[in-house]
Amino acid sequence: GAEAEGMSVGGLPGEVDRNMPTPESNNSCDSLDGSAPTQNIDVEEDGRNQAFAEEKQQKQWEEIAGNLENEGRYEEAVHYYTKLLKHTGEESRWQMRRSAAYFLGGNFETSLQDCVRVMQRERG
């Protein structure tokens, strides 16, 4: 009978119904237009998570730099302002803060160089 031919009998667990579509033949996971499914949601989520992490890191650097500056640890503050300068789109803001830290630390020439760079950038 049916058992000898390898067909499913009685719908018992573990038996294979050869009439059922396989995952390879079933297109139900495809998008409505017939194209392959995409992973845009995961990519967008990863992008948002990365942006959030970067923003959080930048706020930490800003807080650390400000605290160091308030404690008179200007060279260390310069280090964090330089990180912010390299990792954000706010070049003029961080370069001026770095310039102030250089100045307060007695590094007048480097402070002036940062100021000149900001002025040149802002003039266009």
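Visitor: In which helix is the place of Arg117?
Guide: This is a predicted model: local features need pLDDT of at least 70, side-chain atom pairs count only at pLDDT 80 or more, and totals for chains, interfaces and linings use all residues. Residues are numbered from 1 along each chain as its sequence is written, and side-chain values use heavy atoms, without hydrogens or water. Helices (DSSP runs of H or I, at least four residues) and strands (E, at least two) are numbered from the N terminus. On that numbering, Arg117 belongs to helix α4.

Visitor: How many helices does the secondary structure of the chain come to?
Guide: Start with the order of elements. Along the sequence the chain reads α-α-α-α. It has zero strands, and its helices come to four.

Visitor: Does Arg117 count as buried, exposed or partly exposed?
Guide: Buried means under 20% relative accessible area, exposed means over 50%, and partly exposed is in between (1.4 Å probe, protein chains only). Arg117 has 40% relative accessibility, so it counts as partly exposed.

Visitor: Which residues is Arg117 in contact with, leaving aside its neighbours within four places in sequence?
Guide: Contact means heavy atoms within 4.5 Å. Sequence neighbours within four places are set aside for Arg117. The contacts that remain for Arg117 are Gln95 and Arg98.

Visitor: How far apart in space are Arg117 and Met96, C-alpha to C-alpha?
Guide: Along the sequence, Arg117 and Met96 are 21 residues apart. In space, the C-alpha to C-alpha distance between Arg117 and Met96 is 9.5 Å.

Visitor: At what angle do helix α3 and helix α4 pack?
Guide: Helix α3 covers residues 91-104, and helix α4 covers residues 108-123. Axes are lines fitted to C-alpha atoms, for helices over the stretch in contact, and angles between N-to-C directions run from 0 to 180 degrees. The axes of α3 and α4 are 8 Å apart. Their packing angle is about 160°.

Visitor: How are α3 and α4 arranged to each other?
Guide: Angles under 35 degrees count as roughly parallel, over 145 as roughly antiparallel, 65 to 115 as roughly perpendicular, and the rest as oblique. The angle of α3 with α4 is about 160°. The pair is therefore roughly antiparallel.

Visitor: Which residues of α4 make the contact with α3?
Guide: Take the α3 side to begin with. It supplies Glu91, Ser92, Gln95, Met96, Arg98, Ser99, Tyr102 and Phe103. The α4 side supplies Phe108, Thr110, Ser111, Asp114, Cys115, Arg117, Val118, Arg121 and Glu122.

Visitor: Which residues is Ser111 in contact with, leaving aside its neighbours within four places in sequence?
Guide: Ser111 lies in helix α4. It counts as buried because its relative accessibility is 6%. Beyond its neighbours within four places, Ser111 is in contact with Ser99, Tyr102 and Phe103.

Visitor: How far apart in space are Ser92 and Val118, C-alpha to C-alpha?
Guide: Ser92 is in helix α3, and it counts as buried at 15% relative accessibility. Past the residues up to four places away, Ser92 touches Val118, Arg121 and Glu122. Ser92 and Val118 are 26 residues apart in sequence. In space, their C-alpha atoms are apart by 5.5 Å.

Visitor: At roughly what angle do the axes of helix α2 and α3 cross?
Guide: Helix α2 runs over residues 74-87. Its axis comes within 9 Å of the axis of α3. The two axes cross at roughly 170°.

Visitor: Which residues in α3 do the residues in α2 meet?
Guide: The crossing angle makes α2 roughly antiparallel to α3. From α2 come Tyr74, Ala77, Val78, Tyr81, Thr82, Leu84 and Leu85. They meet, in α3, Glu91, Trp94, Gln95, Arg97, Arg98, Ala101, Tyr102 and Leu104.

Visitor: What separates the C-alpha atoms of Gly72 and Ala101?
Guide: Gly72 sits in the loop between α1 (40-70) and α2. It counts as partly exposed because its relative accessibility is 38%. Gly72 and Ala101 are 29 residues apart along the chain. Their C-alpha separation is 8.9 Å.

Visitor: What percentage of the residues of the chain count as buried?
Guide: The chain has 124 residues. Among its contacts between residues at least 6 apart in sequence, 29% join residues at least 24 apart. The buried share of the residues is 19%.
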